[in-house]
Amino acid sequence: MTGDIPLMRTFPVLAGFLAIMVPGMAFAETASMRTARESEIRQHLPGTSELKEGKNGYEYRDGNKNGYKITNGQVCVLFPSKKTDCVNVKTDGKTFQMIDKKGGRTRF
């Protein structure tokens, strides 16, 4: 992915935007996955360097009302309606996957 792809496009489960993704993962691919560190997530996701910390602990991009909270193993989005949605993030060091609250896994 390039730095030109907005952060929002990397979270279709969270924000409803399209992204380039491969649906589903084989068990063999998920067996070696571990919790992704915050630094790994930030490095993997384009646009995180543009985020600025808000007073509520979420980070925001200029002109975007959605807030993001990136921590070890998790990315959460705070929508303007105050609803939040989070995914767990796993990696084997090369491949990253999001796991939604229903257990669905998607590569990103």
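## The disulfide

A disulfide here is a pair of cysteine sulfur atoms within 2.5 Å. By that rule, the count comes to 1 disulfide. The partners are Cys-76 and Cys-86, whose sulfur atoms sit 2.0 Å apart. Cys-76 lies in strand β5 (residues 74–78) and Cys-86 in strand β6 (residues 84–91), so the pair links distant parts of the chain, 10 residues apart. Strands (E, at least two residues) and helices (H or I, at least four) are DSSP runs, numbered from the N terminus.

As for handedness, the torsion about the S-S bond of Cys-76 and Cys-86 is about 110 degrees, so this disulfide is right-handed. The two ends are placed rather differently in terms of burial, where buried means under 20% relative accessible area, exposed over 50%, and partly exposed in between (1.4 Å probe, protein chains only). Cys-76 counts as buried at 7% relative accessibility, whereas Cys-86 is partly exposed at 25%.

## What kind of model this is

Keep in mind that this is a predicted model: local features need pLDDT of at least 70, side-chain atom pairs count only at pLDDT 80 or more, and totals for chains, interfaces and linings use all residues. Residues are numbered from 1 along each chain as its sequence is written, and side-chain values use heavy atoms, with hydrogens and water left out.

## Strands and hairpins

Two strands pair if DSSP finds at least two bridges between them. Strand β4 (residues 67–71) runs antiparallel to β5, joined by 5 bridges. Thr-71 has Gln-74 of β5 as its bridge partner. That hairpin of β4 and β5 has 2 residues between the strands, and Gly-73 takes a positive phi near 75 degrees there.

Leu-78 stands opposite Thr-84 in β6. There are 5 residues between the strands in this one, and Lys-82 is the residue with a positive phi, near 80 degrees. As for β5 itself, 4 of its 5 residues are buried, so the strand is largely enclosed by the rest of the structure.

Gly-67 is found in strand β4 and is buried, with a relative accessible area of 0%. Contact means heavy atoms within 4.5 Å. Leaving aside neighbours within four places in sequence, Gly-67 is in contact with Tyr-58, Glu-59, Tyr-60, Cys-76, Val-77 and Leu-78. Gly-67 and Lys-52 are 15 residues apart in sequence, with 9.5 Å between them in space, C-alpha to C-alpha.

Then there's Glu-40, found in helix α3 (residues 38–44). Glu-40 is buried too, with a relative accessible area of 11%. A polar atom of the Glu-40 side chain lies 2.8 Å from the backbone nitrogen of Arg-37. Not counting residues up to four places away in sequence, Glu-40 touches Arg-34, Thr-35, Thr-91 and Phe-96.

## The nonpolar core

A nonpolar core is a set of buried Ala, Val, Leu, Ile, Met, Phe, Trp, Tyr and Cys residues joined through side-chain atoms within 4.5 Å. The largest one has 14 residues, of which Ile-41, Val-75, Val-89 and Phe-108 touch the most other members. β4, β5, β6 and β7 (96–99) each supply at least two residues of this core.

Which residues does Val-89 touch, not counting those up to four places away in sequence? Among them are Ile-41, Val-75 and Phe-108, along with Arg-34, Thr-35 and Gly-73.

Technical notes
Polar contact = N/O pair within 3.5 Å; in protein donor to acceptor, adjacent residues only side chain to side chain.
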